[in-house]
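Colleague: Could we go through this model together? I would like to start with the packing and then move to other topics.

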Amino acid sequence: MIRLSFLLLLLPLWSPPNAAHAQTTRLNRCSDAQGQSVYTDRPCDSVGARSRLPPPAPASTGNIGQRDTLGARCPRRLSELVEALRSGIASNDVNRLSSLYLWGAVSDAGAQRILGQLESLARRPLVDVVPVYPSQGPASSQEEGQSPAAQEADPEPPAVRHPIGLRLEQTLPGSVARASTVLGLRRQYGCFWITL
């Protein structure tokens, strides 16, 4: 009886050797020389592969990807937006262009239409990105009651003009025909966004 009770006490402590080994085994994801994934319980070097850890984050260079702590990327300056547009079109990346679009209050059907337009923009070779400024009304040559000499003596300082859009100058795929698309500019959430 004593022997049986002693065995019952030892039973919870006993586990099969494979189960104990499985609990401590760690799988490593490695890349072989051809770039294929290899999973092993040994170090990657021992199977002639290298570890597939994510690449280390580059040192801070002030680019738009490292400015936001939540991982969101948005261009804070107009020059960053233009550069993002150029790189998205150069790499035919419609996803990059769609990340620059201000999607607030867009319906599903509208989103499909906009994505189609962005996809066609991504396929066309880019020639230039040109800022679009608001048009100024025609200036009157003489204001009522003032002589031309009085107007020249008291000129108004020119108003600072900010672009309201960007015009993409592109060529159609496989031809030299030009195509222009004007994108609207919006500043929201501290970033510049495009609209169609």
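**Core, disulfide and sheet**

Modeller: Apart from neighbours within four places in sequence, Ile 194 is in contact with Leu 81, Leu 85, Leu 97, Leu 100, Tyr 101, Leu 102, Leu 118, Leu 183 and Gly 184 (contact: heavy atoms within 4.5 Å). This is a predicted model, where local features need pLDDT of at least 70 and side-chain atom pairs pLDDT 80 or more, while totals for chains, interfaces and linings use all residues. Residues are numbered from 1 along each chain as its sequence is written, and side-chain values use heavy atoms, without hydrogens and water.

Colleague: How many residues has the largest nonpolar core?

Modeller: The largest nonpolar core has 19 residues, and Ile 194 and Leu 81 are among those with the most contacts inside it. Such a core is a set of buried Ala, Val, Leu, Ile, Met, Phe, Trp, Tyr and Cys residues joined through side-chain atoms within 4.5 Å; buried means under 20% relative accessible area (1.4 Å probe, protein chains only).

Colleague: Which element gives the most to this core?

Modeller: Helix H3 does, with five residues. Helices (H or I, at least four residues) and strands (E, at least two) are DSSP runs, numbered from the N terminus.

Colleague: Changing topic, which cysteines form a disulfide?

Modeller: Cys 74 and Cys 191, with sulfur atoms 1.8 Å apart (cut-off: within 2.5 Å). Cys 74 lies in the loop between strand S3 and H3, and Cys 191 in strand S7, 117 residues away.

Colleague: And what is the strand order of the open sheet?

Modeller: The order is S4-S5-S6-S7, with antiparallel pairing (strands pair if DSSP finds at least two bridges between them). S4 and S7 each have a single partner strand, so one side of each is left without a neighbour in the sheet.

Terms used
Buried means under 20% relative accessible area, exposed over 50%, partly exposed in between (1.4 Å probe, protein chains only).
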